[in-house]
Amino acid sequence: MPKIEIDANHCKGCGLCIDACPKKVIVFSEDINKLGYHPATPKNEGCIGCGICFYTCPEPESITVYKEDKSA
Amino acid sequence: MNIFLRKPKGFYDVYLRSPASDKTNTHYCPGCGHGIIHKLIAQAIEDFDIKDRTIMISPVGCSVFVYYYFDTGNVQVAHGRAPAVATGLKRANPDSIVISYQGDGDLAAIGGNNIMQAANRGENITVFFVNNAIYGMTGGQMAPTTMIGQKTMTSPYGRNIYNEGYPLKVVELLATFEATTYLERVSIMDAASINKARNAVRKAIQCQIDNKGFSLVEILSTCPSNWKMSPVEAKKWIKTDMITYFTPHVTKDKINERESHKVEKIRLNSEETKSKLDLPEKRDLVKIDMSSVKEKYKNPRIKIAGFGGQGVLILGNMLAIAGMEEGFNVTWLPSYGPEMRGGTANCHVRIDEKPIGAPSVAKADVLIAMNKPSLEKFEKEEYLESGALLIYNTTLIDIEPSRKDVDIIAIPATKMADDMGDLKVANMIIIGAYMEKTKLINEEALERALQTGVKRKNLMDLNKKAIKAGMDFVKNLK
Ligand SMILES: Cc1ncc(C[n+]2csc(CCOP(=O)(O)OP(=O)(O)O)c2C)c(N)n1
Ligand code: SF4
Ligand code: SF4
Ligand code: SF4
Ligand SMILES: [Mg+2]
């Protein structure tokens with residue numbers, strides 16, 4: 001199953017990924033990060049690894065997307 | 001499980017240039033479109049493996065710190081001037097990939113002419129034009145691209161077409177220029193659009209790699225902070241309010257039609273250029289030293305005056321260049337004006353051990369008077385220092401100087417020149433006299449000055465002869 005990771009301290013809580021995820025598998029965390037925002041956090045259940053969240057996110061290193069390598 | 005998407009390697013791992021304590025986050029507001037666009041560019045740089053030969057140009061605007069983030073060559077430039085700097089960088093380094101990143105205030109307002117000229121020249125550069133319909137950095141003033149009705153700090157009632165005109169359509173404008181190769185407008189309003197933007201970014205860079213000429217991608221972006229919207233609302237606003245006017249489209253694509261043309265690197269030091277420009281041989285700069293010169297002839301403020309046509313300006317110019325050849329600081333200030341046509345001409349020359357603040361000479365300590373009106377005017381106390389050196393042309397001046405507190409050389413320069421067969425060398429005779437008297441400039445330096453300054457090489461020998469005659473004249477006075 002594909003999944004994503006969000007580095008909480010590199011997220012500015014803008015909510016763009018949450019809005020854009022076609023599977024609605026990203027939510028805001030209750031926690032407050034170092035930057036003072038509620039970071040986005042993945043639920044992953046149902047993630048299709050489409051990468052939309054990655055390209056929607058303005059922060060260089062908050063989102064990483066993992067996927068099965070089909071060629072391997 | 002493998003990593004599919006992660007921070008592109010086009011970015012630095014750590015932003016060491018940022019003065020912030022946190023050197024891994026960007027300075028952008030939450031949800032700012034700049035970050036999304038940066039990622040697309042950084043990813044293309046990684047994928048094309050061009051990090052080592054890419055030069056990013058940071059503009060003035062919120063993206064002024066592009067150089068914090070991109071692990072490439074970086075230059076930060078004055079507001080709107082990125083296309084001019086890009087031109088220089090690309091022409092000096094034809095193998096580099098030069099990317100100009102500019103906002104709409106930067107590119108379409110203050111830099112409007114810059115981008116037009118670079119596009120019209122068809123520079124082989126890539127421009128990413130981030131149109132967020134506002135001046136973001138300075139707090140939300142109206143830009144040329146602000147939408148009709150859009151409220152900004154400087155259009156508080158909304159942009160009004162009768163007052164501020166229509167939003168400027170940059171890609172459509174540049175498409176009318178024959179030389180532009182690839183122009184497209186994209187947006188970041190949704191996932192599909194970002195994907196299109198990603199492709200356009202790559203295509204534009206590829207266009208440059210293939211030496212196909214000028215490419216520009218206009219990216220409709222967001223400024224949630226100044227639009228006073230949430231990042232999600234801001235993206236929707238592109239869809240509802242921007243694309244209706246700024247239609248996303250491939251405005252021009254001549255990539256397949258264009259021949260690959262690589263700019264030739266201009267080698268300023270090559271022998272060829274040297275001979276083309278007629279440059280003298282390269283020498284070491286002489287140390288600034290007037291210690292061998294008599295105290296009263298050091299650091300002269302020279303005024304040279306005469307009829308237009310007597311070579312007064314050239315005289316001053318040659319003295320200044322020769323001074324420069326000696327390694328001194330020099331200035332030459334010609335006086336242009338209607339009086340030059342047949343009337344009087346004059347120029348000011350300064351030759352100094354120290355840097356020169358002002359090139360104009362109000363009160364001279366050397367006066368060279370080539371005709372009578374010049375002597376009459378400039379020997380007056382307000383124009384000439386006591387103890388000054390006064391050289392005057394007796395052929396055309398039939399009076400004696402009234403000043404008795406100055407050193408005087410009375411020399412029939414025009415007559416001497418006439419005897420040599422060319423009235424025009426009277427000025428060179430005067431130079432010779434000045435050199436012999438002051439020893440400020442040696443013959444070698446003057447000869448080099450002549451090589452730079454005298455256009456007609458067949459006159460070289462005559463000029464040298466005239467200088468010698470002037471020197472001999474002064475020698476014989478002793
Ligand atoms: C010569 C000069 N004039 C004006 C400014 C002030 N100034 C700084 S940024 C800016 C506008 C930037 O707007 P834009 O290019 O749209 O960039 P954004 O911040 O929106 O990305 C202005 C006018 C300046 N820095 N330098
Ligand atoms: S990869 Fe696609 S499905 Fe998975 S979290 Fe991101 S946007 Fe949602
Ligand atoms: S888009 Fe990026 S910065 Fe914004 S909430 Fe999602 S992870 Fe955080
Ligand atoms: S002011 Fe606007 S353009 Fe500038 S960083 Fe903030 S959101 Fe981005
Ligand atoms: Mg702007």
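Which residues of α17(B) are buried?

1. This is a predicted model, in which local features need pLDDT of at least 70 and side-chain atom pairs count only at pLDDT 80 or more, while totals for chains, interfaces and linings use all residues. Residues are numbered from 1 along each chain as its sequence is written, chains are lettered from A and ligands numbered from 1 in the order in which they are written, and side-chain values use heavy atoms, with hydrogens and water left out.

2. The buried residues of α17(B) are B:Met460, B:Leu462, B:Asn463, B:Ala466, B:Ile467, B:Gly470, B:Met471 and B:Val474 (buried: under 20% relative accessible area, with a 1.4 Å probe and protein chains only). They pack against β14 (407–411), α14 (413–420), α15 (426–438) and α16 (443–453) of chain B (contact: heavy atoms within 4.5 Å). Helices (H or I, at least four residues) and strands (E, at least two) are DSSP runs, numbered from the N terminus.

3. The magnesium ion (ligand 5) is coordinated by B:Asp104 (OD), B:Asn132 (OD1) and B:Ile134 (O), at 2.0 to 2.1 Å. Donors are N, O and S atoms within 2.8 Å of the metal (3.2 Å for Na, K and Ca); water is not among the atoms, so sites may look incomplete. B:Asp104 belongs to helix α4 (residues 104–110) of chain B and B:Ile134 to the loop between β5 (126–131) and α6 (161–164) of chain B, so the pair ties together parts that are 30 residues apart in sequence. Both B:Asp104 and B:Ile134 are buried.

4. Around ligand 4 lie residues including B:Tyr28, B:His34, B:Asn132 and B:Cys223 (near: a heavy atom within 4 Å). Helix α9 (residues 224–227) of chain B gives the most to this shell, with three residues.

Conventions:
Buried means under 20% relative accessible area, exposed over 50%, partly exposed in between (1.4 Å probe, protein chains only).
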